[in-house]
Amino acid sequence: MRLYEYTMAPNPRRVRVFLSEKGIQVPTVQVDIAKAENREPEFLAKNPLGTLPVLELDDGTYLAESMSICRYFEELQPDPPLFGTGARERALVDMWHRRMEIEVFLPIAGCFRNTHDFFKGRLPQVPEYGEVCKQTANKRLAWLDDVLADREFIAGDRYTIADITPMVAIDFGRITDIRIQPEQKNLARWHQAVSNRPSARA
Ligand SMILES: N[C@@H](CCC(=O)N[C@@H](CS)C(=O)NCC(=O)O)C(=O)O
């Protein structure tokens, strides 16, 4: 088994944080997006979409979606549960996690993809759309501040995958100057708590 990833990129980080929370170690292979190694035939044979991370299983299967990789390890090692336990909690974690991906992660990634020099000449960019993404992301951070007024973590009183995705997204947002605002005290408190966990350094 091995994990193809790129240290600088947010999606691979989601998997690294998850694995760290589980205490699971997987050999990794760096695929340098900046050098377009993810667009070379050798990597495209593993994942024709050219995206990272990719988990290669011992039987030759490739899992090429961050959350599919995380769910695979959740099945193999349920403790600590990061997708919830029981029907109610699993549904809530799923609901909040989908919201974190769609409402928080995607606008932040959209801003980066459409405005940052990193993708200039590599992907078609629409800077105006990037600015719309930034405005959306900032509105969502204000919303998250409200969400966190009555709970310790995003999906309730337990740290879950629904905390990993927004932490990684918000940290990545700094590159495009998307930041927690001084008045967003609940969000800042939560961000400090999740960042203090050893897994945040993964
Ligand atoms: N839905 C995929 C998204 C993966 C993705 O977009 N990865 C980015 C890095 S964060 C990537 O590989 N980008 C390289 C490119 O698009 O050329 C997942 O969750 O794994």
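1. Let's start with the secondary structure. In this predicted model, the protein chain has 7 helices and 4 strands.

2. Next, how compact is the protein chain? Its radius of gyration is 17 Å, close to the 17 Å the globule rule gives for 202 residues, so the chain is as compact as a globular protein of that length. Along the principal axes, the C-alpha atoms fill a box of roughly 50 × 45 × 25 Å.

3. Now for the inside. Of the 202 residues in the protein chain, 35% are buried. If you take the contacts with a separation of 6 or more, 63% of them come from residues 24 or more positions apart.

4. How is the protein chain divided? There's domain 1, covering 2-76, and domain 2, covering 86-201. Their centres, taken over C-alpha atoms, are 21 Å apart. Where the two domains touch, domain 1 puts in 8 residues and domain 2 puts in 9 residues.

5. Have a look at the domain 1 side of that contact. Helix α1 (residues 10-22) gives the most here, with 7 residues. Sorted by class, this side of domain 1 has 4 nonpolar, 1 polar and 3 charged residues.

6. Finally, the ligand. Which residues surround the ligand? They are Ala9, Pro10, Asn11, Ile33, Asn38, Gly50, Thr51, Leu52, Glu65 and Ser66. By class, that shell has 4 nonpolar, 5 polar and 1 charged residues.

Note on methods. Residues numbered from 1 in each chain as written. Predicted model: local features only at pLDDT ≥ 70, side-chain atom pairs only at ≥ 80, totals over all residues. Near = placed C-beta within 6 Å. Nonpolar A, V, L, I, M, F, W, Y, C, P; charged D, E, K, R; others polar. Helix = DSSP H or I, 4+ residues; strand = E, 2+ residues; numbered from the N terminus. Rg over C-alpha atoms; globule rule 2.2 N^0.38 Å. Buried ≥ 20, exposed ≤ 12 C-beta atoms within 10 Å, placed from the backbone. Contact = placed C-beta atoms within 7 Å. Domains from an automatic or database assignment.
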